[in-house]
Amino acid sequence: MSYYLKNTWYVAAWSEEVGREPLRRKLLDHELVLYRKEDGQPVAIGNMCPHRFAPLSMGKLIGDCIECPYHGLRFDETGQCVANPHGNKAIPPKARVPSFCIEERNGLIWIWGGDRGAADLDAIPDLSYLEEPATRTVSGSLHVEANYQLYIDNLVDLSHAQFAHADQLGVENFGNAELEVTEADEKVCVVLAIPDSELPPAMRAMAEEPEARGSFILEANWQLPSIVTNHIQFLKDSDEPVFKSFGTHILTPETKHTAHYFYGLTRRHRLDDPSVDDAVRAWHLRGFSEQDKPIIEAAARMMGDETDPVGMSTAPLPTDGGNVRARRILKQRIAEEAG
Amino acid sequence: MSYYLKNTWYVAAWSEEVGREPLRRKLLDHELVLYRKEDGQPVAIGNMCPHRFAPLSMGKLIGDCIECPYHGLRFDETGQCVANPHGNKAIPPKARVPSFCIEERNGLIWIWGGDRGAADLDAIPDLSYLEEPATRTVSGSLHVEANYQLYIDNLVDLSHAQFAHADQLGVENFGNAELEVTEADEKVCVVLAIPDSELPPAMRAMAEEPEARGSFILEANWQLPSIVTNHIQFLKDSDEPVFKSFGTHILTPETKHTAHYFYGLTRRHRLDDPSVDDAVRAWHLRGFSEQDKPIIEAAARMMGDETDPVGMSTAPLPTDGGNVRARRILKQRIAEEAG
Amino acid sequence: MSYYLKNTWYVAAWSEEVGREPLRRKLLDHELVLYRKEDGQPVAIGNMCPHRFAPLSMGKLIGDCIECPYHGLRFDETGQCVANPHGNKAIPPKARVPSFCIEERNGLIWIWGGDRGAADLDAIPDLSYLEEPATRTVSGSLHVEANYQLYIDNLVDLSHAQFAHADQLGVENFGNAELEVTEADEKVCVVLAIPDSELPPAMRAMAEEPEARGSFILEANWQLPSIVTNHIQFLKDSDEPVFKSFGTHILTPETKHTAHYFYGLTRRHRLDDPSVDDAVRAWHLRGFSEQDKPIIEAAARMMGDETDPVGMSTAPLPTDGGNVRARRILKQRIAEEAG
């Protein structure tokens, strides 16, 4: 059985990653090259030239086509060879590479994981908040040496924040946290609420009242196939949040044991203040590159070829409720798809 | 059949390697974490958290326990989970990691390779000379990419010194060396005596009479499972040795094709002279890291998956008498253990 | 079936690569050590000592023999152990390493790929132009991560020059090139002629009349087992060439997926001008290391375990005529040899 769901949308890249320089990227076990046509439309086709197997990504763009670096065959956005510069210029009938159904929306380039014919544009997850006028999103991506679901486990499980990110998000009253996991419409929502808390270290630096006490609330929302959005907020009394951040986390399998991680943090305040951008990037570096990634990759190495901790674990915790449900929904969908 | 003997003691670390910072070490195919309790007692337990498989060695010590870096489960020296900081704090009944029987003695941390119940403290090899008052030992360790027995072959075979360490131990009259191999009580003793010799280069620098002639005698003593002590001495007439060094060499399998090598040199003279320490460290660097290790690792690569040269070699030499006997004793014991 | 022809000559090294320092080289799946005897004669014997498997190449030369770095066994040019420095000095009867039939000719050290007895000195390819008095050859070699035939494909197929080497050899009128492929006596000759052309960029810098127009002609001659010589010339009218270079390209398999590439460029003008040498080396660096190698290695990675593009390709081009014929001749010869 496939380790990923096919008939669904994945993220291939942040929009800004794709331009007029060919981008090599392996997604869902496929070697691809991504680029933009002259009108800006993104293209994703197979990266292996069908002539002598050079990567097209080492070649160059000629108008809306990509030219193989080895012998100059040109391919268009459909993957069809459209020019042979040699001899009688005849194009070999089968000279084509696969093409992939992609769509740019909300600053992301989405790719359909299954057959083109089944692609459903209406099924692209709505992340329109990423482009709302009064917001600003600082984004990035990481290549990770772990199965994509191990990352989803991490994101859905909010309890790890108190340990893996103790220097940023640790608070004293964590022991009294309350966890709520709900599931509806193939979505899972996890809320972890810590009552009567001080501000966590990461918020304190930016807060107007660093000594305030209130409710520290973390919320994660998972949806198919591997998208998590989360809020981190701090409520003083029942007022407006003193602090609120909104995170986007999307995983796309590269192979069974590697993945691409696309993340962003969207804010509604101090939009034009570059020092806030810097603070967000520092958090991404600290939290994602230096804390989560080494732990998740080390755990993946410990697990060897296995990728599902649910069956292996002899210490299941109630805090895994969210990720266990997310895995169950996905597994069910993959099984249905396999027939 | 196992490539190592189980019911015996191996060295896990030099005492000074283990402290209040968790130490990750793979020994006998097991992933371990080693640390000391607050009272200084060493602990060795499995390194893979049974919850989500993060390495405990990336976590931190809380009193006598180690806390998982990912979700904060705490484990004690027996490997039992003793604290779950989440929800109702209940500890999952099977939440434990393996624990290993270890014992600190003579500046070394020993680990029992078999079942705890069979561990016999009286069977720890007596290396008490390492702690005698009027001695000083300069020690170190190397991670090596070779089966541990290829290193033992090297140590028991004294004849390689004239070639691999020619710049340190080579002497002209080597052709007249006499070799004696004796075996008793599952121990092997090899003595190589070179008569009427000049001092070898390494000794000359430190000797009072650099031009003295006499007997250059190398002796190696092997014992189960993979311990070699050796003497290198130079006798002028039948007097006290002009020069004498006492070496300790212990190999512990990491995997079938990698090992940990623990070595030390014990002296009874100029105990407080740091320049002698420096000279010993220079010899360890030259002899062990730059001469033995590259040759043994290169030979291991040449041998591929095979680890026993005895059957492969078409050029057995009488000087292999010691290592052939040591391998035979060990092989016999492993076979007995396998039943 | 073997991936290479056995009863034929391969290049083991440029003459200047082999001297009184042992050279480790893997050729045709064999680990070898190459060196020269005191009279200058080259030797190639197996690199793995039959005693404890150390690489002889880590040892040193003693007269015409090589001494093992580990225990000092000495081997002569026939691979026979001729000295044992230990004990009674008896030489174990089977103490020998394989020896290989090699022959130095035209600045190259050739090695016979099959049984010694079948070696035919008259069959060494005639590359005597490499040593003609009024010539100078600038040579080099590369280790490549690709099957040797993928490199031969590259060399026989002249059409790639317009794309992979566009900055050096690209010309505007390439679309009107005429290709001629001929086959005779198990040799393949490919000529690509571009009429009414400007000088390609690489020639322009060195030409007396940079703005001349004429015929730009590339010719490649393949012969068994994996040798390509090529000419690149530019003819103004039917006169003497304005520019002519003569290249030698020889591939020797290391393993199925790696190879040694020996190349040289021979010239008949400005023999003593070191600036021309520098220009040739710059071209080798640019064309071979920075252009061909990355493309061929990337294509090899794309092909995985497969090494024959002919059957895999869905876009065969007429310009592959030469390399398809060369592969066919070689395949036929390998099949005959396998009986």
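**Domains, interfaces and symmetry of the predicted complex**

In chain A, 9 residues of domain 1 are in contact with 12 residues of domain 2; contact requires C-beta atoms, placed from the backbone, within 7 Å. Strand 1 (9–14) and strand 2 (23–27) of chain A are the elements that give two or more residues to the domain 1 side. Strands here are DSSP runs (E, at least two residues), numbered from the N terminus. Strand 1 of chain A gives the most to this side, with 3 residues. By class, the domain 1 side has 5 nonpolar, 2 polar and 2 charged residues. Ala, Val, Leu, Ile, Met, Phe, Trp, Tyr, Cys and Pro count as nonpolar, Asp, Glu, Lys and Arg as charged, and the others, Gly among them, as polar.

The model is predicted; local features need pLDDT of at least 70, side-chain atom pairs count only at pLDDT 80 or more, and totals for chains, interfaces and linings use all residues. Residues are numbered from 1 along each chain as its sequence is written, while chains are lettered from A and ligands numbered from 1 in the order in which they are written.

The domain assignment, automatic or from a database, places domain 1 of chain A at 9–123 and domain 2 at 128–338. Their centres, taken over C-alpha atoms, are 33 Å apart.

Chain A has a mean pLDDT (the predictor's confidence in each residue, from 0 to 100) of 95, and 99% of its residues reach 70 or more. For the complex, the predictor gives an ipTM of 0.95 and a pTM of 0.94.

Contacts also join the chains. Between chain B and chain A, each chain provides 22 residues. The chain B side of this contact holds 13 nonpolar, 6 polar and 3 charged residues. Chain C places 21 residues in contact with 22 residues of chain B. On the chain C side, 13 are nonpolar, 6 polar and 2 charged.

Chain B superposes on chain A by a rotation of 120° with 0.0 Å of shift along the axis (RMSD 0.0 Å). The two copies are thus related as by a three-fold rotation axis. In chain B, the C-alpha of B:D305 is the nearest to this axis, at 13 Å. The superposition is by least squares on C-alpha atoms of residues with pLDDT of at least 70 in both copies.

The largest nonpolar core has 270 residues. Such a core is a set of buried Ala, Val, Leu, Ile, Met, Phe, Trp, Tyr and Cys residues joined through C-beta atoms within 7 Å; buried means 20 or more other C-beta atoms within 10 Å of the residue's own, with C-beta atoms placed from the backbone. A:A12, A:Y151, B:A12, B:Y151, C:A12 and C:Y151 touch the most other members. Not counting residues up to four places away in sequence, B:A12 touches B:R25, B:L27, B:L34, B:A44, B:I102, B:I109, B:W110 and B:I111.

Technical notes:
Buried ≥ 20, exposed ≤ 12 C-beta atoms within 10 Å, placed from the backbone. Contact = placed C-beta atoms within 7 Å. Helix = DSSP H or I, 4+ residues; strand = E, 2+ residues; numbered from the N terminus.
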